[in-house]
Each structure stands twice: as structure tokens, then as C-alpha cells.
Amino acid sequence: RDFQVGPQIDAIVLAAGLSTRARERNKLLLPLAGKPLIAHAADAALGSLARKVHIVTGHQSNEVTAVLNDRTVNFVHNPDYAEGMSSSIKSGIRALPADLDAVVLCLGDMPLVVSAHLDLLINNFSADVACAPYCRGRRGHPVQFPRSMFPDLLQLSGDTGARELLEKIESTILQIDVHDEGIFFNVNRPADL
């Protein structure tokens, strides 16, 4: 098996949402620059230093799985996806291998997040604190959580994802400065594409 030094870090890409603002169309399946929106997030994670990429599916999981089928990812179905993003985070965390040191949590609707963003977080791994990219003092995505915070992630509820938790621990987050607005941009409506 592969001998790997350094922390063992996987990536989770959240792709389970109802994309309510895109009306009846699943925004993650809409084309952008020659591939479905979700493929941008998946490819950023796959191209990074993350050991393994877990895609959490929910809404239209068969369609989402189909467009990513040629990629080496682990699909995790979240049956409770209608309860909101926190349920998808919990599904992803529960699916992680036991030997993991941290996870980089990525959103499936952020096509401007690239592998280099994940690598910055992975290369700045800390066992004690979360790590996130910041641009001009504002926190963006993705966010890396050490194993010590997995229990906190499993306590999340509702549809705000990890936002409340991040606001609570904001002062301790390891801030990685990037000059890139892409860490803020997510697609809510087809027009955003």
C-alpha cells in the first residue's frame, strides 16, 4: 500500500442539496465551461493533496453520481438531505476512515475553488484548529477540520452547514491569506453560471 508521510487528509464535497433557487433544475448538473458544475468541485478535490474524495449525494443522487462516474471518488448517499446541509456534513463525516487526521469540506456549487486552495489548507494542517482561506479579512471556502472537531460537526443541525460552528470558533481559525475572490463565489441560480 502507499506509504504516505504527513497527515492523512481527505476531502468531502457536498452535492446533496435541493438547489431550491435554481427552480426545478439541479444546478449541480448545469454545464459550465464544458462540464457539469459539480465536476469543477470534484476535480479541484481530486487534483489536490487530499488522499481520498468523498462526494455526498442526496437530491437526484443518481444523476449526480452518473456525471461523476468516471472519477475515482467515494459516493456517500445522505438519505436525510432534505433536512439541510448539516445532515450532509454529518453523512460525510460518518463515512470517513478511522485513521484520518483532518477533512477538507468543500461545497459542490463553488466552481472557482481550485486544487491549490485545498493544498494550502492541507499544507497548513493543525491537529487543534480549523483552517480556512481568507481574502481581505473575510473567510471563504473550503474549510479544513481536524479530527478533534469531528464531534462538533456531528452535532450540527439545520441548513446553515458549519457556519454557526465556524462563527463560534472564528478567533481560533488558522487563517490562510489568499488573493482570490473565488473562495466566496457560489452558484445559486442558473444565471450565476
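Visitor: Does arginine 136 count as buried or exposed here?

Guide: Arginine 136 counts as exposed, at 71% relative accessibility. Buried means under 20% relative accessible area, exposed means over 50%, and partly exposed is in between, with a 1.4 Å probe and protein chains only. Before we go on, note that this is a predicted model: local features need pLDDT of at least 70 and side-chain atom pairs count only at pLDDT 80 or more, while totals for chains, interfaces and linings use all residues. Residues are numbered from 1 along each chain as its sequence is written, and side-chain values use heavy atoms, leaving out hydrogens and water.

Visitor: Where is arginine 136 found, and what is its phi?

Guide: Most residues other than glycine have a negative phi, and most peptide bonds are trans. You'll find arginine 136 in the loop between β7 and β8. Strands like these (E, at least two residues) and helices (H or I, at least four) are DSSP runs numbered from the N terminus. Glutamine 60 also has a positive phi of about 50° without being a glycine. Glutamine 60 is in the loop between β4 (53-57) and α2 (61-68), and counts as partly exposed at 26% relative accessibility.

Visitor: And which residues does a cis peptide bond join?

Guide: Look at histidine 141 and proline 142: the bond joining them is cis, with omega about 0°. Proline 142 is in the loop between β8 (138-139) and β9.

Visitor: How many disulfides are there?

Guide: A disulfide is a covalent bond between the sulfur atoms of two cysteines. The rule here asks for a pair of cysteine sulfur atoms within 2.5 Å, and by that rule the count is 0. Take cysteine 106: its closest cysteine sulfur, in cysteine 131, is 12 Å away, which is too far for a bond. Cysteine 131, in turn, is in no disulfide. Cysteine 106 counts as buried at 5% relative accessibility, and cysteine 131 is buried with a relative accessible area of 1%.

Visitor: What does cysteine 106 touch?

Guide: Contact means heavy atoms within 4.5 Å. Not counting residues up to four places away in sequence, cysteine 106 touches Ile12, Val13, Leu14, Leu118 and Pro142. Cysteine 106 itself is in strand β6.

Visitor: How many cavities of 30 Å³ or more does the structure hold?

Guide: Rolling a probe the size of a water molecule over the atoms shows where empty space is left. On a 1 Å grid over the protein atoms alone, a cavity is a set of points where a 1.4 Å probe fits but cannot get out, and lining residues have an atom within 4 Å of a point. Grid points are joined across faces, edges and corners, and a volume is the space filled by probe spheres set on the points. The structure holds 1 cavity of 30 Å³ or more, and the largest cavity has about 60 Å³ of space.

Visitor: Which residues line the largest cavity?

Guide: Ala41, Ala44, Ala45, Cys106, Leu107, Met110, Val113, Leu118, His141 and Pro142 do. Two elements, α1 (37-46) and β6 (102-107), each give two or more residues to that lining. The largest share, 3 residues, comes from α1. The lining has 9 nonpolar residues, 1 polar and no charged; nonpolar covers Ala, Val, Leu, Ile, Met, Phe, Trp, Tyr, Cys and Pro, charged covers Asp, Glu, Lys and Arg, and the others, Gly among them, are polar.

Visitor: Why is α1 described as largely enclosed?

Guide: Because 8 of the 10 residues of α1 are buried, it is largely enclosed by the rest of the structure. Those buried residues are Leu37, Ile38, Ala39, His40, Ala41, Ala42, Ala44 and Ala45.

Visitor: What do the buried residues of α4 pack against?

Guide: An α-helix has 3.6 residues a turn, so residues three or four places apart point the same way. In α4 (residues 115-123), the buried ones are Ser115, His117, Leu118, Asp119, Leu121 and Ile122. Their packing partners are β1 (9-15), α1, β6, β7 (131-135), β9 (143-146) and β10 (174-177).

Visitor: How many residues does the largest nonpolar core have?

Guide: A nonpolar core is a set of buried Ala, Val, Leu, Ile, Met, Phe, Trp, Tyr and Cys residues joined through side-chain atoms within 4.5 Å. The largest one has 55 residues, and Ile12, Val13, Ile55, Ile89, Ile93, Phe145 and Leu153 have the most contacts inside it. Leaving out residues up to four places away in sequence, isoleucine 89 touches Leu14, Leu105, Leu153, Leu156, Gly161 and Ala162.

Note on methods. 1 Å grid on protein atoms, 1.4 Å probe; cavity = no way out; pocket = protein on both sides within 12 Å on 5 of 7 lines; lining within 4 Å.
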